[in-house]
Amino acid sequence: MRWALVKVCLAVTTMVVVAFAIPLGLVIKEMARDRAFSNAERQAAAVAPALSITTDRDQLERVVASAGSDSGMAVHLPAADDPGSEQKALDIGRQRAAADDIATVRRLGRASTTEVSGGSTLLQPVALSSGRIAVVEVYVPESEVSNGVATAWAVLAGVGIALVVGSVAVADRLGVRMVRPARKLVEGAHELGEGKLGARVPEEGPTELRLAAVAFNSMADQVVQLLANERELAADLSHRLRTPLTVLRLNAASLGEGPAAEQTRAAVAQLEREVDTIIRTAREAKPQTAAAGPGAGCDAAEVVRERMGFWSALAEDEGRKWRVAGTERPVRIPVARADLVAALDALLGNVFRHTAEGTAFAVDVHNGEDAVIVLVSDAGPGIRDPEAAMARGRGSGSAGSTGLGLDIVRRLAESTGGDVRIGSSVLGGTEVRIWIQLGGREPVRRGHRVRRRRTGRLVPPFHRSRTVRGRDELR
């Protein structure tokens with residue numbers, strides 16, 4: 001915007017300067033020419049009284065010398081009309097004009113100018129006492145005609161350049177006055193988009209930009225208020241779960257001993273921890289489970305083994321075969337343990353919730369140089385519309401589905417610069433692939449796919465026969 005204003009002002013000022021400077025320069029040139037010929041007419045008029053009195057050569061030469069430069073003035077006297085008269089044609093001074101031009105002026109009786117080498121001449125007719133017509137020739141050199149023109153044009157050019165430079169400087173200052181508030185508005189929008197809720201824009205600049213800044217600040221205040229209300233609502237809802245959790249904990253304590261009882265008590269304890277985490281996160285308005293920096297995160301292999309051990313008891317009760325692979329060695333990922341646990345529980349819970357008893361499932365971990373892939377597959381009926389399944393809050397249409405499980409998985413992957421894909425597994429059902437990016441991460445926007453270098457070793461294509469060998473076979 002700033003440079004656009006400068007360019008427009010430069011173009012307009014240049015056109016105005018050209019429109020006025022060129023005609024004014026031509027007028028100055030014409031004025032200089034008129035001044036030079038006016039001087040020549042005065043010199044010719046100074047000789048006319050002497051010609052009306054005498055035609056003596058000596059006297060006329062003195063008159064010409066006193067009237068002006070003898071090299072620039074000439075007097076041409078005609079011969080007598082009477083053939084018996086001794087009066088002959090007389091030329092005093094240097095003749096520059098052609099004889100035909102002199103004869104024409106004498107015949108017509110009107111002054112005239114003619115071009116000669118190095119300048120121009122003024123031919124002025126003067127009547128003699130005898131009735132004949134003499135012609136006074138005054139030479140006007142070109143330097144006298146253009147005297148002062150170059151200086152005047154230089155002054156005009158300097159004034160024009162000064163006007164252009166001044167207009168550009170004024171336009172630049174006006175552009176800065178307009179661009180600076182607009183730039184601050186853009187920076188504020190970027191900061192607010194990055195989660196800096198304290199971002200505000202100074203209400204300054206032109207009227208339109210001030211109104212935009214006022215609207216932006218009002219919107220930011222409303223966003224802060226809405227987020228605060230949402231956090232309070234989440235905290236209140238989570239706090240209401242404490243009473244039924246207390247009942248579940250007391251009932252679990254009365255179950256006695258056994259693997260099922262221990263797993264129930266462990267699930268209740270974990271649920272209580274998750275509720276406490278939600279309440280603290282909502283109250284403090286900052287994530288409590290995000291990885292803190294380099295070296296932070298968890299061991300994906302250890303988390304997968306632990307969660308598969310938890311779900312294996314329920315799988316045995318329902319007669320499901322299961323397999324886990326790729327967990328023999330530690331696999332560090334930049335994800336908090338609680339987030340990975342929540343994502344795995346959401347995917348495995350979907351397997352138990354949306355497939356019939358006896359349906360096999362598997363979890364595979366692939367560790368690469370730049371990414372870690374976690375595959376959760378089953379032998380169920382599959383997902384007809386993967387895009388709809390990934391939509392937050394849409395659910396599957398069945399009872400007990402909120403549509404938030406896959407959204408939890410997606411946000412975990414995108415927090416590292418990765419993504420989530422749904423396809424067909426080698427078991428015949430659904431395969432959910434979690435791509436977890438290692439190292440530096442780039443923000444991922446919903447609705448945009450991340451382009452990255454992929455290797456065939458890490459990303460086996462969907463809808464294709466695949467063999468994954470692990471330590472444990474389906475059991």
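Helix H9 lies across E7 and E9, and H9 runs at about 175° to E7. Angles here run from 0 to 180 degrees between N-to-C directions, with axes fitted to C-alpha atoms, for helices over the stretch in contact. Contact means heavy atoms within 4.5 Å. Helices (H or I, at least four residues) and strands (E, at least two) are DSSP runs, numbered from the N terminus.

Before you start: this is a predicted model, where local features need pLDDT of at least 70, side-chain atom pairs count only at pLDDT 80 or more, and totals for chains, interfaces and linings use all residues. Residues are numbered from 1 along each chain as its sequence is written, and side-chain values use heavy atoms, leaving out hydrogens and water.

**Exercise 1.** Find Arg307 and decide: is Arg307 buried or exposed?

*Solution.* 
- Step 1: go to H9, residues 300-318, where Arg307 is found.
- Step 2: check the accessibility. Arg307 counts as buried because its relative accessibility is 5%; the cut-offs are under 20% for buried, over 50% for exposed and partly exposed in between (1.4 Å probe, protein chains only).
- Step 3: look for neighbours. Leaving aside residues up to four places away in sequence, Arg307 touches Gln270, Val341, Leu344 and Asp345.

**Exercise 2.** Work out the strand order of the open sheet of five strands.

*Solution.* 
- Step 1: trace E7-E9-E10-E12-E11, a mixed sheet; strands pair if DSSP finds at least two bridges between them.
- Step 2: name the edges. E7 (322-325) and E11 (419-424) each pair on one side only.
- Step 3: follow the twist, which averages 15° from one strand to the next.
- Step 4: zoom in on E9 (361-367) and E10 (371-378), antiparallel over seven bridges. Here Ala362 stands opposite Ser377 in E10.
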